[in-house]
Amino acid sequence: MNAPTPAPATPNRSSVLFVCVHNAGRSQMAAAFLTHLAGDLVEVRSAGSAPADSVNPAVVEAMKEVGIDISAEIPKVLTTDAVQASDVVITMGCGDTCPVFPGKTYLDWELADPAGQGVDAVRPIRDEIEQRVRSLVSGLLPA
């Protein structure tokens with residue numbers, strides 16, 4: 001299955017790509033929080049180097065608890081085009097190697113992996129991701 005080619009960010013709109021191996025937990029939560037907090041002001045993508053078949057059910061449940069529904073999300077494969085079209089690329093501490101292009105900002109967020117965990121174990125990961133995304137938003141958007 002080929003992922004659609006993402007459109008480049010507009011001059012006034014930043015673009016952020018969140019990457020983890022399976023695109024079923026951390027990167028999905030981060031993308032959902034950024035979309036929730038920044039709306040249309042930031043273009044948001046998420047992808048994985050070896051995408052899972054579906055988003056982790058415990059992650060879906062943990063996000064529902066904070067009023068964000070990601071049940072319709074589908075893990076996507078990481079493409080060079082997605083990296084090239086993004087201003088900021090954030091990996092989730094999982095050792096992923098992304099293609100590197102000049103002029104991009106690369107960050108690595110070391111976060112516990114929610115794979116195989118229940119919702120009780122996912123909540124602190126979710127909360128840490130939310131804090132990091134809130135800090136990211138304050139740096140991306142004008143005051």
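Two strands pair if DSSP finds at least two bridges between them. Helices (H or I, at least four residues) and strands (E, at least two) are DSSP runs, numbered from the N terminus. This is a predicted model: local features need pLDDT of at least 70, side-chain atom pairs count only at pLDDT 80 or more, and totals for chains, interfaces and linings use all residues. Residues are numbered from 1 along each chain as its sequence is written, and side-chain values use heavy atoms, without hydrogens and water.

**View A. The open sheet and its β3-β4 pairing.** Four strands run in the order β2-β1-β3-β4, with parallel pairing. β2 and β4 (105-108) stand at the edges with a single partner strand each, so one side of each has no neighbour in the sheet. β3 and β4 pair over 4 bridges in the parallel sense. Here isoleucine 90 stands opposite leucine 107 in β4.

**View B. Serine 46 in strand β2.** Serine 46 belongs to β2 (residues 42-48). Its relative accessibility is 7%, so serine 46 counts as buried (under 20% relative accessible area; exposed is over 50%, partly exposed in between; 1.4 Å probe, protein chains only). Leaving aside neighbours within four places in sequence, its contacts (heavy atoms within 4.5 Å) include Leu17, Phe18 and Lys76.

View C. α4 covers residues 119-140. Its buried residues include Val122, Ile129 and Val137. They pack against β1 (14-20), α1 (26-38), α2 (57-65) and β3 (88-91). The face turned away from the buried side carries exposed Asp120, Gln131 and Ser138.

Terms used:
Expected span 1.5 Å × (residues − 1).
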